[in-house]
Amino acid sequence: MSGKIKKKKGKKILYVFAWILGIIVGLNVIGFAINKIFFSNELEAISPYGEMVEVNNQNMHVYSMGQGEKTIVLLPGTGAPLPSADFGPLMRELSKEYKVVTVEYFGVGFSDETDTPRTNENYMEEIRTALSQADMKPPYVLMPHSVSGVYSEYYASKYPDEISAIIMLDTSPTVKIESKLYSFFYNPTILKIINGSSKLLQETGVTRITIGLQPSNHTVENGYTEKEIRDHQLFSYHVLNDTIHNQILNSDDNINEVNSIVFPSEVPVLKLISSYSQKEVKNGEEYQKDHLNRLGANVESQMIDGSHIFYQTNVKDITDATSNFLKKIN
């Protein structure tokens, strides 16, 4: 009797499991269909903020404002959905004194996706070409956020005459990070699994729901316009693509490549470090010190009390630091 009872219980469990699995699959199929039918073309109604320029036979978006003598080039971190909106308040404040340009990489914002490998060399040449096509003349003050600091260091190392300074917004330290957690998340297999799962959530519309539930710094109080807030949220529903995935996969190699290059001492650097990266990240203070030492004697640093994306909330801190630094190095 006990054997038959166990078999019946086993069948019931399998039956319930099959129903749950069927419901999950069904909801995903429905979500995918709704997402494709109603939302797949929602970005087409939004016009680029700036101009589209041709880079390697594809389109890149370059957005500028201001008429100052110095040109500050803002470069976004990985996965920024719409940098031209994301940097909006910072651009407006900086443009009171400088010409300010945001370059949207391939796979980001209004720019096309690309199959070109996401190497330091390619990022550098794409930035140079996009700026040239938009009639921007060097030397530039590069203002990279996060991983863009890696490409900026590479750029300065290859063409120091084109870079008058770099002002880093909590950029990735180009030092070897000894961490089991870091090694785990930058494992290609793990990254592929994470990317695949994330894309599935995006395609089925789950991301649309989760993003809507998260608090955002994109508010009128932080200087954003209603259009920037709306456009950025719409782009955030579509941010994941193969170009971004390839950028993430190449990040570790790009950091190691730059780490092996001597940074040019003639290029002055101001690194603005978030309190989060300095204090909350394990060994954060040590990594930041190592990075500053790597950049040489012509580097300064300043802590900003905020998160990794403090450019959304601490515009005045950044503009004041920028103005003081650029006046000092002239």
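**Reading aromatic rings**

User: At 1% relative accessibility, does Tyr123 count as buried or exposed?

Analyst: This is a predicted model. Buried means under 20% relative accessible area. Tyr123 has 1% relative accessibility, so Tyr123 counts as buried.

User: How many aromatic pairs does a search of the whole structure find?

Analyst: The search finds eight aromatic pairs. Take Tyr123 and Tyr151. Their ring centres are 4.0 Å apart and their planes are at 15 degrees, so this pair is stacked.

User: Which parts of the chain does the pair link?

Analyst: Distant ones. Tyr123 is in helix H4, residues 120–133. Tyr151 is in helix H5, residues 148–158.

User: What describes a pair of aromatic rings?

Analyst: Two values: the distance of the centres and the angle of the planes. Now try Tyr155 and Tyr159. The centres are 6.3 Å apart and the planes are at 90 degrees, so the pair is edge-to-face. Tyr155 is buried, at 1%. Tyr159 is partly exposed, at 30%.

User: Which charged end sits over the ring of Tyr123?

Analyst: That of Arg118, 4.6 Å from the ring centre. Tyr159 has an arginine over its face as well: Arg128, at 3.7 Å from the ring centre.

User: Which residues form one aromatic cluster?

Analyst: Tyr49, Tyr63, Phe110 and Phe235.

Conventions
Residues are numbered from 1 along each chain as its sequence is written. This is a predicted model: local features need pLDDT of at least 70, side-chain atom pairs count only at pLDDT 80 or more; totals for chains, interfaces and linings use all residues. Side-chain values use heavy atoms; hydrogens and water are left out. Rings of Phe, Tyr and Trp (its six-membered ring) pair if their centres lie within 6.5 Å; planes under 30 degrees apart count as stacked, over 60 as edge-to-face and the rest as tilted. Helices (H or I, at least four residues) and strands (E, at least two) are DSSP runs, numbered from the N terminus. Buried means under 20% relative accessible area, exposed over 50%, partly exposed in between (1.4 Å probe, protein chains only). A charge sits over a ring if NZ of Lys or CZ of Arg is within 6 Å of the ring centre and within 35 degrees of the ring normal.
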